[in-house]
Amino acid sequence: MSRPVIFYAPHADDETLNMGITIAEHVAAGRPTHVVLMTHGRVTGALNAINGTTYSGYWKATHNPEIEGYVPLTKDTLAEARINEFNHACGQLGVPPEHRHIEYLDNLATGETLTYNEAKAVIEKYIDLYPDADHYTLSYHDIHPDHANVGQALLDLYNDGRIQYYVRFIISMATRTDYENRGATIPGGGWKDVPTDDTIKQKAINACRCYAAWAPSLGAYAVGYHSVAGQFDKFVANPFHYLHMPGQ
C-alpha cells in the first residue's frame, strides 16, 4: 500500500484552483489522497455579490434575488453552498468522500479568521492520524494571510521534526498573478507541475466547473466564480501549479 498524502486547503476552491492538478496526479498514481478543508468559507466578497448588494464582476450584472427566485444567502447558507462545491470538485479530482475532511476554523468564536495556531493544531491532528504521510499546502510566501499561516505552520512542524516524509508548498494563483503583474520572480524558486496527460488536465477543468454551477433551487450559487472568476479563467486556459521545497 502506498503511503498517504494530505493536502490542506484553507478555503473551498483552493484544492482545485491551486492544487487540483497535483491532487489528481496523486489519485491517479494510486496513493490514498486526503484533502483537508480548513474553513467553511464564511468570509468572502461573493456573499454580497450573490445577494445583489454589490455588482457581480462574474455575472456582469447586479443580482436581484427576488426576481431571480431565491432567498438571499446568510453566512451559514453560503458556507453550505461552498462545502457543496468543494465536495463536487473533489469528486471530479477523484478524491473519495471518506478522504475529504472538513474543519471549522472560521467560526464566530475565533473571529472568522484562520490563524497560525489554529492551522498548526489541525496539521498536528493529521500528522498523528497519518504519521507516514506526505503533506502539501499553499506557500508561506502567499499574499493571502490565511494561506500564508497554513504554509508557515506546516513549515515549522517540518523543521521541528514532526514530519518524517515529504513536505511541499504550492504558489496560489493570486500570488502568482500578483508577482507576474509586478514583473517579479515567482517566490520559492520551485518548479511547474503541469498535467501529465489530458485526463489529468480534464479532471482539473471539470473540478473548476463545479465552482461555476448556478442553480439556486438546488443550492448551487457559483460561489467560487463569484469570488475569483478571473483566477479560474486563467487556470482553465493554462492549467499548472508552481511548487517549491521547504525553506525556499
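**Close-up views of a predicted model**

**View 1. The largest pocket has a volume of about 320 Å³.** The structure shown here and in the following views is a predicted model. Helices H1, H7 (145-159) and H10 (223-237) are the elements that each contribute two or more residues to the lining of this pocket. The lining comprises 23 residues, and those nearest the centre of the pocket are His 11, Arg 82, His 144, His 147 and Ser 227. Sorted by class, eleven of the lining residues are polar, seven are charged and five are nonpolar.

**View 2. One cavity of 30 Å³ or more is present in the structure.** The largest cavity holds about 40 Å³ of space. Its lining is formed by Leu 17, Asn 18, Ile 171, Ser 172, Met 173, Arg 176, Phe 240, His 241 and Tyr 242. Two or more of the lining residues come from each of helix H1 (14-18), helix H8 (173-181) and strand E9 (241-244). By class, the lining of the largest cavity has five nonpolar residues, three polar residues and one charged residue.

**View 3. Ile 127 lies in helix H6, which spans residues 116-129.** Ile 127 is classed as buried because its relative accessibility is 6%, under the 20% limit for that class. Apart from neighbours within four places in sequence, the residues in contact with Ile 127 are His 135, Leu 157, Arg 162 and Ile 163. Arg 168 is 41 residues from Ile 127 along the chain, and the C-alpha atoms of these two residues are separated by 15 Å.

How values were computed: Residues are numbered from 1 along each chain as its sequence is written. This is a predicted model: local features need pLDDT of at least 70, side-chain atom pairs count only at pLDDT 80 or more; totals for chains, interfaces and linings use all residues. Side-chain values use heavy atoms; hydrogens and water are left out. Helices (H or I, at least four residues) and strands (E, at least two) are DSSP runs, numbered from the N terminus. Buried means under 20% relative accessible area, exposed over 50%, partly exposed in between (1.4 Å probe, protein chains only). Contact means heavy atoms within 4.5 Å. On a 1 Å grid over the protein atoms alone, a cavity is a set of points where a 1.4 Å probe fits but cannot get out, and a pocket is an open set with protein on both sides within 12 Å along at least five of seven lines; lining residues have an atom within 4 Å of a point. Grid points are joined across faces, edges and corners, and a volume is the space filled by probe spheres set on the points. Ala, Val, Leu, Ile, Met, Phe, Trp, Tyr, Cys and Pro count as nonpolar, Asp, Glu, Lys and Arg as charged, and the others, Gly among them, as polar.
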